[in-house]
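Please keep the sequence and the model in view while reading.

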Amino acid sequence: MKKKRKSNKRKSRTRQITLICIVILSLLYTFIYKQNNSQNVEIVKVSTVSQHLDANKTDNNVGGNEVNESQEIDKSKPDNIDDESINPRANRKQIEVDKNSFDAGKIQGFLSKNIKINDGKKIAFLTFDDGPSTTVTPKVLEILKRNDIKATFFIVGKQVEENPGAKNLLLEIYKDGHAVGNHTYSHNYSKLYPAGKVDTNAFMEEIIKTSEIMRAVLGQDFDTKVIRFPGGHPSWKGTEQIDSQLEATGYKYIDWNALVGDSEGGTRTKNQIINRYKQTFVGQEKVVILMHDTYGKNSTAEALQYIIDDLKGKGYEFKTLK
Ligand SMILES: [Zn+2]
């Protein structure tokens with residue numbers, strides 16, 4: 001009798017232990033599953049505001065006839081633009097947000113209006129303009145991959161359109177998880193800013209045209225609302241109209257607060273690039289570094305590892321602008 005009670009007791013204890021084990025295991029499983037899930041959800045689709053571009057505005061044939069730089073072929077005429085891209089009722093494509101990205105709107109506010117971002121985080125934004133090029137972009141991508149760092153590439157539409165190799169590189173940039181920004185189609189100052197004044201229609205036409213070119217490569221779901229003015233926004237007069245149009249259509253423009261001097265004229269050596277970086281990076285908590293990955297900018301690629309190591313050593317994390 002005693003023995004039976006004892007064995008019953010043992011059985012119920014075993015059952016209890018088994019039950020506790022099951023509970024612990026299921027809790028553990030749920031926890032691990034959630035962790036994995038949150039790591040996997042690097043890419044979350046969010047819908048964006050609808051585009052309010054006034055289709056009529058593109059009817060004003062501004063800019064094209066006034067171009068006096070003969071080497072620039074005007075390919076941005078309104079009839080080249082797909083109707084869907086300027087249809088105000090068209091559902092906007094979705095943009096992708098990932099764990100490496102930072103709110104481009106906040107950076108625009110910080111750089112252009114000095115609106116502070118009080119998160120106490122040291123963040124570096126490596127930005128590469130005027131590409132892709134088949135000579136420098138692959139080197140930049142290789143270094144970024146090796147360091148597991150994501151950057152932002154401001155693409156010139158013409159560069160992509162004119163070279164099949166550049167198309168593949170744009171796709172590689174995108175697939176590697178970097179941010180893709182819009183840097184107009186022609187990058188031609190006299191066309192975008194005749195007499196130093198922003199030609200809003202010409203500018204917007206080029207932004208749309210470049211978006212279409214990028215979509216043809218990256219898929220119709222692709223969209224970017226992050227742009228950079230060739231030459232930088234502060235360099236140009238008469239920005240009120242374009243500013244309000246960009247704001248109404250949800251575009252964010254990004255300037256910079258550090259640079260490497262690779263567009264300041266002449267060929268620079270790796271050391272000159274590093275020195276210019278050291279002159280302009282003075283510990284900004286949020287630093288947006290202007291660099292170029294277009295043809296001839298090999299020294300920038302050569303200096304990149306130094307710049308990454310320097311920023312890492314100073315406790316910076318790297319984010320993209322989306
Ligand atoms: Zn540029």
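Lys167, Leu170, Leu171 and Tyr174 in helix 6 are in contact with Met214, Val217 and Leu218 in helix 8. By class, the residues of this contact between helix 6 and helix 8 comprise 6 nonpolar, no polar and 1 charged. The model in which this contact is found is a predicted one.

**Overall composition**

The chain contains 11 helices and 12 strands. Of its 322 residues, 47% are buried. Among contacts between residues at least 6 apart in sequence, 82% join residues at least 24 apart.

**Packing of the helices**

| Helix pair | Angle between axes | Distance between axes |
|---|---|---|
| Helix 6 (residues 164-175) and helix 8 (residues 200-218) | about 75° | 9 Å |
| Helix 4 (residues 137-147) and helix 11 (residues 298-313) | about 20° | 9 Å |
| Helix 4 and helix 6 | roughly 15° | within 11 Å |

Helix 6 packs against helix 8 at an angle of about 75°. That angle makes helix 6 roughly perpendicular to helix 8.

Helix 4 and helix 11 pack at an angle of about 20°. Helix 4 is therefore roughly parallel to helix 11. The crossing of these two helices, helix 4 and helix 11, is right-handed. On the side of helix 4, the residues that meet helix 11 are Lys139, Val140, Ile143, Leu144, Arg146 and Asn147. Their partners in helix 11 are Asn298, Ala301, Leu304, Gln305, Ile308 and Lys312. The contact of helix 4 with helix 11 has 6 nonpolar, 3 polar and 3 charged residues.

Helix 4 also crosses helix 6, at roughly 15°. Helix 4 and helix 6 are therefore roughly parallel to each other. Their crossing is left-handed. Thr137, Pro138 and Leu141 of helix 4 make the contact with Leu169, Glu172 and Ile173 of helix 6. The residues of the contact of helix 4 with helix 6 divide into 4 nonpolar, 1 polar and 1 charged.

**The zinc site**

Which residues are the protein donors of the zinc ion? The donors are Asp130, through OD, together with His183 and His187, each through NE2. These donors lie 2.1 Å from the zinc ion. Along the sequence, the donor residues follow the spacing D-x52-H-x3-H.

Glutamine 159 belongs to helix 5, which spans residues 157-161. Is glutamine 159 buried or exposed? The relative accessibility of glutamine 159 is 19%, and a residue under 20% counts as buried. Glutamine 159 is therefore classed as buried.

Aspartate 130 is one of the donors of the zinc ion. Which residues does glutamine 159 contact, leaving aside its neighbours within four places in sequence? They are Asp130, Gly131, Pro132, Ala166, Thr294 and Tyr295.

How values were computed: Residues are numbered from 1 along each chain as its sequence is written. This is a predicted model: local features need pLDDT of at least 70, side-chain atom pairs count only at pLDDT 80 or more; totals for chains, interfaces and linings use all residues. Side-chain values use heavy atoms; hydrogens and water are left out. Donors are N, O and S atoms within 2.8 Å of the metal (3.2 Å for Na, K and Ca); water is not among the atoms, so sites may look incomplete. Axes are lines fitted to C-alpha atoms, for helices over the stretch in contact, and angles run from 0 to 180 degrees between N-to-C directions. Helices (H or I, at least four residues) and strands (E, at least two) are DSSP runs, numbered from the N terminus. Angles under 35 degrees count as roughly parallel, over 145 as roughly antiparallel, 65 to 115 as roughly perpendicular and the rest as oblique. Contact means heavy atoms within 4.5 Å. Ala, Val, Leu, Ile, Met, Phe, Trp, Tyr, Cys and Pro count as nonpolar, Asp, Glu, Lys and Arg as charged, and the others, Gly among them, as polar. A crossing is left-handed if the near helix is turned anticlockwise from the far one by less than a right angle, and right-handed if clockwise. Buried means under 20% relative accessible area, exposed over 50%, partly exposed in between (1.4 Å probe, protein chains only).
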